[in-house]
Amino acid sequence: MRKSAASALLGAVAVLAGFAVPGAYAGETQTDVQISNVSFDGGKNIVVGLDAKTITVSGTFTHPSGIQDADFVLWRGPDGANPYETYDDRIVSNQYYSHADCVASSATTSTCSQTISLEPDWKYGGTALANAHAGTWKVSVQGVANDDSWTQSASYTTTRLQRQSKLTVNAGPEPIAQGKTLTVTGKLTRADWDNLDYRGYTNQPVKLQFRKAGTTTYTTITTVYTSSTGNLTTTVPASEDGYWRWNFAGTSTTPAVKAPGDFVDVQ
């Protein structure tokens with residue numbers, strides 16, 4: 001990428017990955033390059049557990065002179081004012097950022113894609129993901145034409161970064177006589193990026209659901225809130241053979257999750 005074009009975009013940042021300032025152009029949009037079909041991780045929320053998660057963002061860029069380069073950056077913060085935070089895993093040391101890979105489909109149009117690795121446990125001295133980073137992030141999209149015309153849309157779209165969730169279930173005793181009391185327990189946990197383990201998700205509503213043997217549809221029986229450690233417990237009368245599960249609808253920082261059904265034989 002030419003130095004003049006790079007300077008017009010985000011500028012040089014001599015740091016080792018992590019979070020930084022996206023630059024003076026964060027609130028400005030130029031309109032020389034046409035941008036379309038931007039897909040960020042296939043349009044899904046970005047769910048990260050304790051291991052690094054590599055995601056792909058791509059888009060279509062068009063200009064009469066053809067496309068020279070493109071770039072996609074995650075960031076958040078108030079428009080037109082600091083503080084800004086950006087997330088970029090690419091190492092830069094007195095150099096400009098590496099940018100997307102662009103493949104031309106015609107003399108004027110290219111599809112450009114880029115990978116970003118999000119890491120709770122950053123092993124190279126950068127800034128690791130922290131619990132506070134979960135939530136909604138803006139996606140800055142930039143394109144540079146062969147004649148150095150360019151477009152930057154600081155808030156082209158948004159994406160949601162979430163802490164991976166897990167949910168267990170256990171129903172018993174089993175087998176159980178019809179009409180007796182069945183106890184259903186479980187636990188809702190989510191990735192703790194600060195401590196690099198899974199910890200209970202406190203005070204969350206979780207639906208207890210039942211599916212009769214031989215059928216395919218679950219019915220909600222009751223809603224239970226998790227304890228301070230993420231535990232769930234309730235009792236129900238045993239009526240017929242079937243599967244019991246917990247179903248969590250998710251939050252802005254944590255994805256929805258369903259426990260696998262636990263079969264109970266009622267005699």
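How many bridges join strand β4 to β8, and do the two run parallel or antiparallel? Before I answer, let me say that this is a predicted model, in which local features need pLDDT of at least 70 and side-chain atom pairs count only at pLDDT 80 or more, while totals for chains, interfaces and linings use all residues. Residues are numbered from 1 along each chain as its sequence is written, and side-chain values use heavy atoms, with hydrogens and water left out.

Strand β4, residues 67-76, is joined to β8 by 8 bridges, and the two run antiparallel; strands here are DSSP runs of E, at least two residues, numbered from the N terminus, and two of them pair if DSSP finds at least two bridges between them. Within β8, G143 is the bridge partner of A70. On to β9, residues 150-163, which β8 meets through 9 bridges, again antiparallel, with R160 in β9 as the bridge partner of T136. These two strands form a hairpin with 4 residues between them, and D148 in the turn has a positive phi of about 75°. Of the 11 residues in β8, 9 are buried, that is, under 20% relative accessible area with a 1.4 Å probe and protein chains only, where exposed means over 50% and partly exposed lies in between.

In the loop between β7 and β8 we find A128, which is partly exposed, with a relative accessible area of 25%.

Finally, there is an open sheet of 4 strands in the order β1-β3-β7-β6, with antiparallel pairing, whose edge strands, β1 and β6, each pair on one side only. Inside that order, β3 and β7 pair over 10 bridges, and T60 stands opposite T111 in β7.
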